[in-house]
Amino acid sequence: VFTPRSDREKQRSVGLARDLLRFVEAARNTTNIETFEPQVPIRIIVFEKKRDFGRFTDRRGGVGGLIQDRDPGCWTLVTYEGRDLLENTFHEYSHYLFRNSGRAYPRWFDEGFAELISTMSFTRGKALLGRAPVRRLLTLQSHPGWIPVERLVGIRQYPKSEARVDLFYAEGWLLAHYLHTAHLFGEDRLIEAMTRYFDLLHDGARWRAAYRETFPISVDELDARLRRHRDRVGARPLVLPAVAVEIGEPDTRALSLVRVRPARVARMLGESSLMLSTRGPDQAERFLEISIAREPDDARSHANLALAHALRGDLERAETAAARAKVLDAKGVRVLGAVGAVALGRARAADPLDREQLAVARRAYWDLIENHPNSLAGYLGLGRSYVAVDDDPRVGIEALLKARSMLVGYGDLDLAKLYLQSGRARDAYGALWNVLRWEAGSRSAEEAEVLLEELRRRLRETPAASSDGLSPSSE
């Protein structure tokens, strides 16, 4: 399921790995997640000190972990040692399980359910689910505000203030808990309604229409019941309904444990997503240069440095770093991906388009596909090389569809653009909605909103454009 690399003592690393394997087995037995076989691998990085976690990831305040998928072909989960290690790890890993399964869920449930199962504990061959997360209880008891259910279920972006984020997480947990346990308190059983509701959302329905079709109570009534549930769990948090699931003892003999130095961790973070979050290419460059100084012949570090230079617009240095990486490992996944990305950047930076560099980029992506057919990066890169280019987009469409078949959520924005280039409005519409479903709050989602509005405007002005079955009112 995963390969832990840790700067912690081996015994503690194995202990965390064992608990995570137990968590996965319990989730397999208690959720409707369909796919547990990893579509894309995941790295799990545990820092011994919280300040190191914050230094590398730019996460402060109450954040205890994060998970990122910016590196095509790999997810990275990062957290730190402490009393909440298991809760943080289970919370973030549940996001991976959702995405790996190919299903998109609303933001409130994505976080609320992650909180719901993050408090899982183990005793005598059983996993215990249902314990309330203490921090969320405290927020519900002390925060003066309340997010009405009608607003909560429609939230796509995280609130800006830390206090509102805490309330959003707390109410997300509360609603997920109530929908799973309402019948245990003598109220309507809502689990099946919730499942049908998510199925309709997955098929593209708007939340109000899906809610009316599936739930036996109004949104206002649900809000009133949720407020009562808040008071109920706050008054008796230690006697909430719990579920005990029998699980076997995991076999940890096959786990690969590698002790890593800080510079090695820096390179791993750079590989994963160029410093994972908002630190961006400048910070990535500095950490990768430290890594290269200690390991000068590591091809992936040079490849990542090429990508960092390219993101900053320094294409000459990017090309030099990519060339060095190719000398060290001509067929490496990261190396070929960097060569393609740098060449594509140079092609698009030229006016008119540099066709020679475009050919270099596509050749690198084809080499990546031929040498590593299970890597997403080659298909994504090849597909993107056809966006906004006056070429037949069918090859690019097929490449991006292949990437999506490997892991849902990758390449939808570029796929929508290629569909638009091909005049396939209906397919473009669906791909753009996938972007909003999977990447709410991101720059990609903002661009998708703009393209959707432009598509709607075009359809309103040209009714004949709706001949493929899409109409301006189909949202």
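Guide: Of the contacts in the chain with a separation of 6 or more, 66% are between residues 24 or more positions apart, where contact means heavy atoms within 4.5 Å. This is a predicted model, in which local features need pLDDT of at least 70 and side-chain atom pairs count only at pLDDT 80 or more, while totals for chains, interfaces and linings use all residues. Residues are numbered from 1 along each chain as its sequence is written, and side-chain values use heavy atoms, with hydrogens and water left out.

The part to look at closely is a pair of helices, α17 (residues 376–384) and α18 (residues 394–406), whose axes come within 7 Å and cross at roughly 150°. Helices here are DSSP runs of H or I with at least four residues, numbered from the N terminus, and axes are lines fitted to C-alpha atoms over the stretch in contact, with angles from 0 to 180 degrees between N-to-C directions. Because angles over 145 degrees count as roughly antiparallel, α17 and α18 are roughly antiparallel to each other. From α17 the contact is made by Leu376, Tyr379, Leu380, Leu382, Gly383 and Arg384, and from α18 by Val395, Gly396, Ala399, Leu400, Lys402, Ala403 and Met406. These residues of the contact of α17 with α18 divide into nine nonpolar, two polar and two charged, given that Ala, Val, Leu, Ile, Met, Phe, Trp, Tyr, Cys and Pro count as nonpolar, Asp, Glu, Lys and Arg as charged, and the others, Gly among them, as polar. For the chain as a whole, 52% of the 475 residues count as buried, that is, under 20% relative accessible area with a 1.4 Å probe and protein chains only.

Notes. Helix = DSSP H or I, 4+ residues; strand = E, 2+ residues; numbered from the N terminus. Parallel < 35°, antiparallel > 145°, perpendicular 65-115°, else oblique. Buried < 20%, exposed > 50% of the residue type's maximum accessible area, 1.4 Å probe, protein only.
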